[in-house]
Amino acid sequence: MPGQLDSLVEKLRKALGPDLVSVVLYGSAAVGDHEENFSDFNVLCVLSQIEPAQLGATETIFRWWREQGNPAPLLLTEHEVRTSTDCFAIEFEDIKAHHRILFGADVVSSLAIDRCFYRAQVEHDLRAKLLRLRQKAAGILSDKDVLRRLLVDSISTFCVLFRHALILHGTNPPARKRDIVARAQERFGIDPAPFNTLLDRREEKLKPNEIEPVALLAGYLNEIGKVIDAVDSLDKPKSASET
């Protein structure tokens with residue numbers, strides 16, 4: 001376990017005492033797909049209760065954690081973990097599939113993921129991320145360095161959402177980004193080239209000047225659209241007026 005994670009757990013244990021139920025590492029770092037220059041350590045902290053006293057106890061710890069370049073840990077109570085799997089189906093599906101317990105009880109493995117809104121959430125997030133990518137690209141299209149960085153930064157998010165699109169289509173998806181892209185090619189007929197180019201840049205297999213970002217953007221947006229259409233084509237629950 002990296003020293004940062006050891007230190008985080010120790011600080012949380014001292015600050016929260018018996019209120020700390022579990023510390024869970026999730027995301028790419030939990031499956032060995034962590035990339036130092038681009039990936040964060042994503043951590044879920046489960047507490048028995050979360051009131052101002054607990055928030056105050058974590059303030060300096062979370063500030064220190066953010067200074068290490070990581071997002072602040074998620075704070076949830078045990079009750080919230082059990083009752084939030086419908087509105088956060090994507091997030092809990094990922095945490096359940098790819099996690100490592102750093103401290104305390106395993107409150108994740110036995111979760112029953114409520115998928116009543118799952119398809120809609122996957123489509124919503126894909127469309128929202130695509131719209132946001134377009135908005136940002138529209139303001140920086142002439143700055144190739146910034147556009148290139150925007151595209152590289154976005155690839156991880158779209159790989160996560162492609163993984164959920166595969167689940168919705170009855171496919172057991174792999175964990176690693178390149179394997180997800182390959183499976184999406186098989187299932188949705190996407191061209192994997194834009195995604196693999198961005199992954200090559202993340203892994204420093206390509207230099208920035210070896211990527212023409214405007215041309216890459218066009219193909220990237222088009223292939224993301226194919227996955228959105230595949231999710232949209234799935235059967236949707238009937239509304240009350242249709243029953």
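Contact, in these legends, means heavy atoms within 4.5 Å. The structure is a predicted model in which local features need pLDDT of at least 70 and side-chain atom pairs count only at pLDDT 80 or more, whereas totals for chains, interfaces and linings use all residues. Residues are numbered from 1 along each chain as its sequence is written, and side-chain values use heavy atoms, with hydrogens and water left out.

**Figure 1. Overview of the chain and its elements.**
The chain holds 9 helices and 4 strands; helices (H or I, at least four residues) and strands (E, at least two) are DSSP runs, numbered from the N terminus. Read from the N terminus, the order of elements is α-β-β-α-β-α-α-β-α-α-α-α-α. The C-alpha atoms fill a box of roughly 55 × 55 × 30 Å along the principal axes. Of contacts between residues at least 6 apart in sequence, 70% join residues at least 24 apart.

The accessible surface comes to about 12,300 Å², and 49% of it belongs to carbon and sulfur atoms. Accessible areas come from the Shrake-Rupley method with a 1.4 Å probe, and for residues only the protein chains shown count as cover. Buried residues make up 44% of the 243 residues, where buried means under 20% relative accessible area, exposed over 50%, and partly exposed in between (1.4 Å probe, protein chains only). There are 31 positive and 36 negative side chains, and the centres of the two sets lie 2 Å apart. Lys and Arg count as positive and Asp and Glu as negative, while His and the chain ends are not counted; the place of a charge is taken as NZ of Lys, CZ of Arg, CG of Asp or CD of Glu.

**Figure 2**
Two strands pair if DSSP finds at least two bridges between them. Tyr26 has Asn42 of E2 as its bridge partner, and Leu25 has Arg100 of E4.

Asn42 lies in strand E2 and, leaving aside neighbours within four places in sequence, is in contact with Val24, Leu25, Tyr26 and Pro71. Asn42 and Asn70 are 28 residues apart in sequence, with their C-alpha atoms 7.3 Å apart. Val43 also belongs to E2 and is buried, with a relative accessible area of 1%. Beyond residues up to four places away in sequence, Val43 touches Leu5, Leu8, Val23, Val24, Leu25, Tyr26, Trp65, Pro73 and Leu74. The C-alpha atoms of Val43 and Leu131 are 28 Å apart, and these residues are separated by 88 positions in sequence.

His98 lies in the loop between helix H4 (89-97) and E4. This histidine is buried, at a relative accessible area of 14%. Its contacts, apart from neighbours within four places in sequence, are Leu25, Tyr26, Gly27, Ala30, Val31, Arg163 and Ala175.

**Figure 3. Glu10 in helix H1.**
Glu10 is found in helix H1 (residues 3-16) and counts as partly exposed at 38% relative accessibility. Glu10 and Phe103 are 93 residues apart in sequence, and their C-alpha atoms are 9.4 Å apart in space.

Tyr220, in helix H9, counts as buried at 0% relative accessibility. Not counting residues up to four places away in sequence, Tyr220 touches Leu133, Leu151, Ser154, Ile155, Phe158, Pro194, Phe195 and Leu198. Arg178 is 42 residues from Tyr220 in sequence and 15 Å away, C-alpha to C-alpha. Glu204 is placed in the loop between helix H8 (193-202) and helix H9 (213-232) and counts as exposed at 54% relative accessibility. Most residues other than glycine have a negative phi. Glu204, although not a glycine, has a positive phi of about 60°.
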